[in-house]
Amino acid sequence: AGLRLRLQQMNLSPDSLAAVSVETVDVAPPTRRQAAMWAKLLPFIVLIWALTGAFYPAIDLCAGEKERGTLETLLSSTARRTEIVAGKFLTVATFSFATAILNLLSMTVTGLLVISQLSGGNGGPNLPVDMGFPPLTAIPWLIVGLVPIVALFSSLALALAAFARSSKEGQYYLIPLLMSLVPLMMLSMLPSARLDLGTSLIPVTGMLLLLRSLMLSDYGLALQFAGPVLAITLVCCWMGARWAVYQFNNESVLFRSGEQFGLGAWLRHVVRDRGPLPTIGEAVLCGVIILVIKFFVGLSAELSMTFAGFARQVVISQVATIALPAILMALFLTRGPAETLKLKLPRASCVSAAILIAILLHPGFVWFSQLVMFLYPPSAGLEQVQTAVTAILADSPGPLATILVIALVPALCEEVAFRGFILSGLQSIRRKWPAIILSALFFGIAHGILQQSIMAAFVGVVLGVIAVQTGSLLPCIAYHAMHNALPVLLSEFPAHATDRFWLGYVLETGPGGAVQYTLLASLIMPAIGLGLLVWLWKFGNRQIPRDRYLNWSQPATA
């Protein structure tokens with residue numbers, strides 16, 4: 001308003017501020033623009049059809065057979081469980097593939113008959129966007145790309161359907177499956193999404209971007225990253241198939257009560273039949289609740305530009321969205337909240353070992369974070385947020401206040417939720433690594449930003465190993481707090497002291513006067529830290545009382 005008033009006083013037009021008029025012109029031919037639009041839209045739609053086409057047949061083949069009483073007859077036959085899973089998998093995959101292909105052909109016919117009318121060729125109204133016809137050359141590539149995606153979706157749907165008690169309960173599992181896979185599909189439709197080494201390592205997203213490159217006849221780019229995309233997709237298919245086979249080998253899953261699922265009945269069952277530890281479903285529910293609350297809080301929250309306001313936001317967010325749901329669920333859904341949250345005093349050596357592991361592994365995580373930033377460069381918006389947070393932390397009263405806000409508070413709240421309630425519930429799997437990895441994935445996703453989520457997931461694996469092998473939450477809190485505090489301590493370390501005594505082998509002054517790890521430290525320290533972690537993995541479980549914690553080595557029984 002002040003600038004407009006000054007221009008009026010000087011008898012100048014507001015248009016005089018625009019020295020250069022910028023006009024955006026798309027020089028690509030119309031057919032290329034139409035192909036680019038369909039290359040984004042068609043793979044997404046086809047994959048949605050493939051997912052829904054796999055889910056409902058899987059429900060009927062698993063939960064439906066439980067209701068009809070034919071699953072016991074099938075399992076009592078001479079066929080092995082792997083063969084039964086393979087037969088059901090091929091059936092589900094056939095339905096999924098046929099659903100996607102038939103809908104693709106229907107959409108092609110619709111494009112040929114309807115879009116020509118809407119485009120004004122026969123007197124119809126003009127479209128606001130020149131869509132053109134779906135390219136017929138894209139259909140063969142979509143069919144080829146459907147094969148591994150259909151295999152992945154079919155294995156996931158089969159594993160979830162085997163877990164359901166009834167067809168009605170199985171239908172509720174479609175929403176969590178969509179919430180997990182649709183964001184990966186939507187990621188490929190972002191304007192900045194490109195097929196590169198980073199995106200090729202993301203499941204589903206990499207396949208969609210590869211199909212887009214093939215549909216646009218960009219064969220050089222597609223050939224360059226086809227290997228990583230197919231490798232990641234095949235690994236995910238193998239893991240999904242292993243999960244489905246595990247579900248069919250677990251009699252406690254197959255022969256669960258076939259009663260009709262209802263929210264009220266489920267709540268009464270949970271309160272009446274509480275166990276000492278949460279179940280797998282309760283652990284997953286806790287993770288989903290945390291993710292949903294953080295999502296809606298993130299939409300409404302605005303970053304405070306003062307350190308006091310920022311600290312208040314961090315504390316409220318950590319307590320309300322992460323720690324509180326886990327604590328409440330431990331109190332109301334289990335008979336042993338202290339055991340669920342691993343609130344027992346460990347040996348002092350366990351806490352010391354956790355702190356030492358955090359210090360030794362930190363140079364490796366610094367190097368890994370640089371690799372993640374290289375594979376997934378931060379957007380301009382993310383860089384602005386990072387700059388703002390750096391400026392806020394620079395105005396803190398001192399390093400102790402900064403460590404308290406960004407290290408100690410997150411360590412307490414996040415460990416209570418992810419290594420406390422969620423990991424304790426996942427112990428019902430009776431296998432260490434699946435429980436550790438699943439809790440680490442929840443921990444990574446909760447960070448919201450792709451780069452932070454990848455780093456947090458790997459840190460979560462280390463924290464899961466410490467939690468499982470020590471049986472206590474305190475070493476995890478110590479590791480977490482030290483891991484988050486080390487960047488602050490390095491930023492406060494005087495650069496002139498790096499050449500004193502043995503510190504010259506560990507720290508050096510980098511560009512801009514920042515203190516960083518030497519190459520020697522980046523190689524030796526993580527190796528020693530991994531060795532100490534392996535030692536903890538081998539011998540730490542001897543400190544866990546067998547009468548209070550599940551025996552991970554025994555297989556699950558009915």
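A charge sits over a ring if NZ of Lys or CZ of Arg is within 6 Å of the ring centre and within 35 degrees of the ring normal. The model is predicted: local features need pLDDT of at least 70 and side-chain atom pairs count only at pLDDT 80 or more, whereas totals for chains, interfaces and linings use all residues. Residues are numbered from 1 along each chain as its sequence is written, and side-chain values use heavy atoms, with hydrogens and water left out.

**Exercise 1. Charges over rings**

Identify the ring over which the charged end of Lys432 sits, and do likewise for Arg419.

Solution. For Lys432, the ring is that of Trp537, with the charged end 4.9 Å from its centre. For Arg419, the ring is that of Phe443, at 4.3 Å from the centre.

**Exercise 2. Aromatic pairs**

Classify the pair Phe55 and Tyr56 and the pair Trp141 and Tyr219 by ring geometry.

Solution. Step one is the criterion: rings of Phe, Tyr and Trp (its six-membered ring) pair if their centres lie within 6.5 Å; planes under 30 degrees apart count as stacked, over 60 as edge-to-face and the rest as tilted. A search of the whole structure finds five aromatic pairs. Step two: Phe55 and Tyr56 have a centre-to-centre distance of 5.8 Å and 90° between the planes, an edge-to-face pair. Step three: the centres of Trp141 and Tyr219 are 6.0 Å apart and their planes lie at 50°, so this pair is tilted. Trp141 belongs to helix H6 (residues 138-163) and Tyr219 to helix H11 (residues 219-249); the pair links distant parts of the chain, 78 residues apart. Helices here are DSSP runs (H or I, at least four residues), numbered from the N terminus.

Phe55 is buried at 0%, while Tyr56 is partly exposed at 44%. Trp141, at 29%, is partly exposed, and Tyr219 is partly exposed at 43%.

**Exercise 3. The setting of Thr334**

Locate Thr334 and describe its surroundings.

Solution. Thr334 lies in the loop between helix H15 (307-333) and helix H16 (337-340). With a relative accessible area of 2%, Thr334 is buried. A polar atom of the Thr334 side chain lies 2.4 Å from the backbone oxygen of Ala330. Beyond residues up to four places away in sequence, Thr334 touches (heavy atoms within 4.5 Å) several residues, among them Arg274, Pro276, Met329 and Phe421.

Note on methods. Buried < 20%, exposed > 50% of the residue type's maximum accessible area, 1.4 Å probe, protein only. Helix = DSSP H or I, 4+ residues; strand = E, 2+ residues; numbered from the N terminus. Polar contact = N/O pair within 3.5 Å; in protein donor to acceptor, adjacent residues only side chain to side chain.
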